[in-house]
Amino acid sequence: TGQVPVPLPEVQEGVVGLAAGACHSVAWCSDGMAFTWGHGGAGRLGHGTVDSHQTPLRVQVLSELKVVHSRCGANFTIFVTSPQRALMFGGAGVRVWS
């Protein structure tokens, strides 16, 4: 059926959102934690490397923020946090909007 369960480590609260690009994915939880996995090229996963990950890995750089929304592009991921801030990883590097 093409459906494969993907366990999320460290999850204390339920998953409230998922997004997928062509070759990477992101999930975020009601407690604000975010996890990414897939192709890591251009730094799109937000882990500070271009390494790929087959299983979800928490985005540690966001640990002091609460992720409330996210979207994946072809080679980037955008996170929206509370308080109002948007962060993009990949593509042209890391960008932050307040």
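## A loop residue and the basis of the model

Ala 42 is found in the loop that runs between β3 (34–38) and β4 (53–58), where helices (H or I, at least four residues) and strands (E, at least two) are DSSP runs numbered from the N terminus. The phi angle of Ala 42 is near 65 degrees, a positive value in a residue other than glycine. Most residues other than glycine have a negative phi, and most peptide bonds are trans. Ala 42 is partly exposed, with a relative accessible area of 38%; buried means under 20% relative accessible area, exposed means over 50%, and partly exposed lies in between (1.4 Å probe, protein chains only).

The model is predicted, and local features need pLDDT of at least 70, side-chain atom pairs count only at pLDDT 80 or more, and totals for chains, interfaces and linings use all residues. Residues are numbered from 1 along each chain as its sequence is written, and side-chain values use heavy atoms, with hydrogens and water left out.

## A cis peptide bond

Ser 82 and Pro 83 are joined by a cis peptide bond, with omega about 5 degrees. Pro 83 belongs to the loop between β6 (76–82) and β7.

## The open sheet

Strands of a sheet pair through backbone hydrogen bonds, either parallel or antiparallel. Here an open sheet of 4 strands has the order β5-β6-β7-β8, and its pairing is antiparallel; two strands pair if DSSP finds at least two bridges between them. Because β5 and β8 (95–97) stand at the edges, each with a single partner strand, one side of each is left without a neighbour in the sheet. On average, neighbouring strands of this sheet are turned by 20 degrees against each other, direction ignored, where the axes are lines fitted to C-alpha atoms, for helices over the stretch in contact, and angles run from 0 to 180 degrees between N-to-C directions.

The antiparallel pair of β5 and β6 extends over 6 bridges. Ser 70 lies in strand β5 and stands opposite Phe 79 in β6. At 1% relative accessibility, Ser 70 counts as buried, and its side chain reaches the backbone oxygen of Ile 78 at 2.8 Å. Leaving aside neighbours within four places in sequence, Ser 70 is in contact (heavy atoms within 4.5 Å) with Ala 19, Val 26, Trp 28, Thr 77, Ile 78 and Phe 79.

## The largest nonpolar core

A nonpolar core is a set of buried Ala, Val, Leu, Ile, Met, Phe, Trp, Tyr and Cys residues joined through side-chain atoms within 4.5 Å. The largest one has 12 residues in all, among them Ala 19, Val 26, Trp 28, Leu 62, Cys 72 and Phe 79. At least two residues of this core come from each of β2 (24–29), β5 (66–72) and β7 (85–90). Leu 62 is in contact with Ala 34, Val 67, Phe 79, Leu 87 and Phe 89, when its neighbours within four places in sequence are left aside.

A disulfide is a covalent bond between the sulfur atoms of two cysteines. With a disulfide taken as a pair of cysteine sulfur atoms within 2.5 Å, the count comes to 0 disulfides. The sulfur of Cys 29 is 14 Å from the closest cysteine sulfur, in Cys 72, which is too far for a bond. Cys 72 is in no disulfide either, and the nearest cysteine sulfur, that of Cys 23, is 9.5 Å away. Cys 29 is buried, with a relative accessible area of 1%, and Cys 72 is also buried, with a relative accessible area of 16%.

Terms used: A polar contact is a pair of N or O atoms within 3.5 Å; within protein, one must be able to donate a hydrogen and the other to accept it, and residues adjacent in sequence count only if both atoms are side-chain atoms.
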